[in-house]
Amino acid sequence: LFRSLDSAELSLENKLIHVRLGSASALFAALRAKHAPTAHHSLRVALSCSAWGAMLGLTDSQRDELEVAALLHDIGKIGVPDAILHKPTPLNEDEFHVVERHRQVGADILRTCCTNNSVLEMVEHAGAWFDGSRDGQELSGESLPQGARMVAIADAFDAMTSDQVYRRAASLERALAELFEHAGTQFDPRLVQ
């Protein structure tokens, strides 16, 4: 029943992936080469957002945009030094600011190769807090793209429930409690529900 793909089929599969994802596939490959755990996290966030989008009844094009934005929401970590990405202890204040800057770096990278404004806006605002209290944030509440609000929740949930170099994964119950605790401040309360 199962057979391996021949080179023509692999070539066709690669072309289909490239048509669907465009330069996103190359950027994801670069992220995987730089820091595989971040790429794996991004893929899990994309899969979660895709399933969630289907559940919410998003159109195919809305889901496609959401998937690409979720897959590339951490692309700016390409610009974070390895010493910080692999640090086994909590970050100091300066290191924390370097990591936080990855969101702007990611948006800058995507602006050079992505013409889809919805994807750009989702990636750019995925780190925004729902109540607008995060420094440097322009949008808040319902003015944030829904996809960005979804990526923020899926991103946080996956980060909490995955082992990190500096801590063990939290339980599903603990992660859900965190989401509900920060609903209305960090996260969209309707989407957390």
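Analyst: Helices α2 and α3 are oblique to each other. Keep in mind that this is a predicted model.

User: What angle do α2 and α3 pack at, and how far apart are the axes?

Analyst: The angle is about 135°, and the axes are 5 Å apart. α2 covers residues 23-34 and α3 covers residues 36-56.

User: Which residues meet there?

Analyst: From α2, the residues are Phe28, Leu31, Arg32 and Lys34. From α3, they are Ala36, Thr38, Ala39, Ser42 and Leu43. By class, the contact of α2 with α3 has five nonpolar, two polar and two charged residues.

User: OK, next pair. How do α4 and α8 pack?

Analyst: Helix α4, residues 60-71, packs on α8 at about 40°, with the axes 9 Å apart. That angle makes α4 oblique to α8.

User: Is the crossing of α4 and α8 left-handed or right-handed?

Analyst: Right-handed.

User: And which side chains are involved, residue by residue?

Analyst: Glu65, Leu66, Val68 and Ala69 belong to α4, and they meet Ser118, Val119, Met122 and Val123 of α8. The contact of α4 with α8 divides into six nonpolar residues, one polar and one charged.

User: What about α7 against α8, what's the angle there?

Analyst: About 165°, with 8 Å between the axes. α7 is therefore roughly antiparallel to α8.

User: Which residues make that contact?

Analyst: Ala107, Leu110 and Arg111 come from α7, while Leu120, Val123 and Glu124 come from α8. In this contact of α7 with α8, four residues are nonpolar, none is polar and two are charged. α7 passes α8 in a right-handed crossing.

User: Which residues lie nearest its centre?

Analyst: Lys77, Val99, Ala159, Gln164 and Tyr166, out of 41 residues that line the largest pocket.

User: Which helices supply the lining of the largest pocket?

Analyst: Each of these helices gives at least two residues: α3, α5 (82-85), α6 (93-100), α7 (102-111), α9 and α10 (172-181). The largest share, six residues, comes from α9.

User: How does the lining of that largest pocket split by class?

Analyst: There are 18 nonpolar, eleven polar and twelve charged residues in the lining of the largest pocket.

User: And the second largest pocket, how much space is there?

Analyst: The second largest pocket holds about 460 Å³. It is lined by 15 residues, and the closest to its centre are Arg103, Arg134, Asp135, Gly136 and Gln137.

User: Which helices contribute to the second largest pocket?

Analyst: α6, α7 and α8 (117-125) each supply at least two residues of its lining. By class, the lining of the second largest pocket has three nonpolar, six polar and six charged residues.

User: What lines the largest cavity?

Analyst: His125, Ala128, Trp129, Phe130, Leu144, Ala148, Arg149, Ala152, Gln186, Phe187 and Asp188.

User: Which helix gives the largest share of that cavity lining?

Analyst: Helix α9, residues 146-160, with three residues. α9 also gives the largest share of the lining of the largest pocket.

User: And by class, how does the cavity lining divide?

Analyst: Seven residues of the lining of the largest cavity are nonpolar, two are polar and two are charged.

Definitions and conventions
Residues numbered from 1 in each chain as written. Predicted model: local features only at pLDDT ≥ 70, side-chain atom pairs only at ≥ 80, totals over all residues. Heavy atoms only, no water. 1 Å grid on protein atoms, 1.4 Å probe; cavity = no way out; pocket = protein on both sides within 12 Å on 5 of 7 lines; lining within 4 Å. Helix = DSSP H or I, 4+ residues; strand = E, 2+ residues; numbered from the N terminus. Nonpolar A, V, L, I, M, F, W, Y, C, P; charged D, E, K, R; others polar. Axes fitted to C-alpha atoms, helices over the stretch in contact; angles between N-to-C directions. Parallel < 35°, antiparallel > 145°, perpendicular 65-115°, else oblique. Contact = heavy atoms within 4.5 Å. Points joined across faces, edges and corners; volume = space filled by probe spheres on them. Left-handed = near helix turned anticlockwise from the far one by under 90°.
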